[in-house]
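Visitor: Could you take me on a close look at the aromatic pairs here? I'd like the geometry and the cut-offs along with the story.

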Amino acid sequence: MLSRAESLSLLTLSIACLGVLANTFNGEGEPLIASLAFSGIAFSFTYCLIQWLGQTFIHAGLKGRDMSKVRKPEIPEAMGGVGAVVYLLILIFFIPFPFYKDIVAATSGGGSRDVTISHELLASGRVLHRFPHSKLASYLSALMSLQSVVILGIADDLFDIRWRHKLFIPAVASIPMLVVYFVDYGVTNVVVPLQLEHYFGTLIDLGWIYYAYMAAVAIFCPNSINILAGINGIEVSQSLVIAVLLLVNDGLSLHSAPAVPYPHPATDPHLFSIYLLLPFIAVSVALWWHNWYPAKIFVGDTYCYFAGMVFAIVGILGHFSKTLLLTFIPQILNFLYSAPQLVRIIPCPRHRLPHFNSRTGLMEPSVTTWHQPPGKVLTGVLKALASLPVPLLAIKQDDQGNVVSSSNLTLLNLWLVWFGPQREDRLAMGVIGSQACIGVIALYTRHKLALLVFREDNRQ
């Protein structure tokens, strides 16, 4: 239950946010201010619902044991669904705000007494051709895709769908977004780097391949967050880092956009991204508060799908999917590093989370056991990778030199191979800190060095 201090703080925050929302209608709607206010409300509601529904989830059987603790406490599971539902409701309530000025302009008089209106328009009372239907369609398609992935994520948490089946869940959820992209935007050209223009020209039309690429992004983003998991707070923390990096990218793009033409074509897509990211950060902070070490809740697969789909949507409909992938560099590396186990070249246990040593209280690299020794070539590769100056895995051999076990191929285990056993929160901070540093370097490269590779930046 909420303490008195928590209740007063959250109530004060909610009232203040409601006051800000009411005040926005005195001007022109101010959607950015409204989004910030809705984000404060989203944080308050998510925080409260987590506290109120925890025992309800346990009684309903949505619970799990934290295997990385000595006493292995039983805590609520799949609580990421709470944050996802609050987020969806906030986006629904937010719909009128980014279109407030357009709604006024599309109704009688356009909100201005100085405008002369024809008799026909007065009779109908609307100037609907002025309304940005394509922007509304993009927003609603994003909402539909998010609703779909949350439903499918909750189904996964309830029924524990197998990996080979749930891999394509995000692709199904992305269909509304891709359809709207095809109808309203439809651009499938990619800019050719300066160094290759002599061979391919300035643009290449990828056609259907570009839609396959966008579907692949929608599949990769949720699943890559789900793969880099297994310790308290890691799923939410990596999502928060990516969201903040994308928010910084939006801010830099809006700040650097030329004044002419106004509004610049890049303005609306980046504002759209901000409107989706601010409430996402709010609900994620509330979840992080309870999921960080020592965790009081598990967020479940629903959160991973939900978070990844938010990123895929802002990258695709915000028209910066390549920049999006720059913020996913650790997740891409984790996927590539995990690939030998994912395709069964190396035995892959159901759970590859780091091993908790109850005697020391520290996390150690978990291992996969070779029931039959690997072949000569694979044995040579494993021994070579383990003997590098910076080893890429740890192996154990018997007296005959056969590999009997090797560390599981995840970044979390690799971090422990490099730096030795660590407490769970320190492991999470190390991995998340590296993600933040890599992301900052990637964004710097994107915004400062892009013109060395491309003829022009899409902000110009």
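**Aromatic pairs up close**

Guide: Search the whole structure and you get 26 aromatic pairs. Here, rings of Phe, Tyr and Trp (its six-membered ring) pair if their centres lie within 6.5 Å; planes under 30 degrees apart count as stacked, over 60 as edge-to-face and the rest as tilted. One of the pairs is Phe-38 with Phe-94, an edge-to-face case at 6.0 Å centre to centre with 85 degrees between the planes. Phe-38 sits in helix 2 (residues 31-59) and Phe-94 in helix 3 (residues 80-94), so this pair ties together parts 56 residues apart in sequence. Helices are DSSP runs of H or I, at least four residues, numbered from the N terminus. Both Phe-38 and Phe-94 are buried (under 20% relative accessible area; exposed is over 50%, partly exposed in between, with a 1.4 Å probe and protein chains only).

Next up, Phe-182 and Tyr-211 are also edge-to-face, with 5.9 Å between centres and 65 degrees between planes. Phe-182 belongs to helix 9 (residues 175-184) and Tyr-211 to helix 11 (residues 208-227), so the pair links parts 29 residues apart in sequence. Phe-182 counts as exposed because its relative accessibility is 55%, while Tyr-211, at 19%, counts as buried.

There's a cluster too: ring pairs link Tyr-87, Phe-220, Phe-280, Tyr-303, Phe-306, Phe-311, Phe-328 and Phe-335.

A word on the basis: this is a predicted model, where local features need pLDDT of at least 70 and side-chain atom pairs count only at pLDDT 80 or more, while totals for chains, interfaces and linings use all residues. Residues are numbered from 1 along each chain as its sequence is written, and side-chain values use heavy atoms, leaving out hydrogens and water.

Definitions and conventions:
Helix = DSSP H or I, 4+ residues; strand = E, 2+ residues; numbered from the N terminus.
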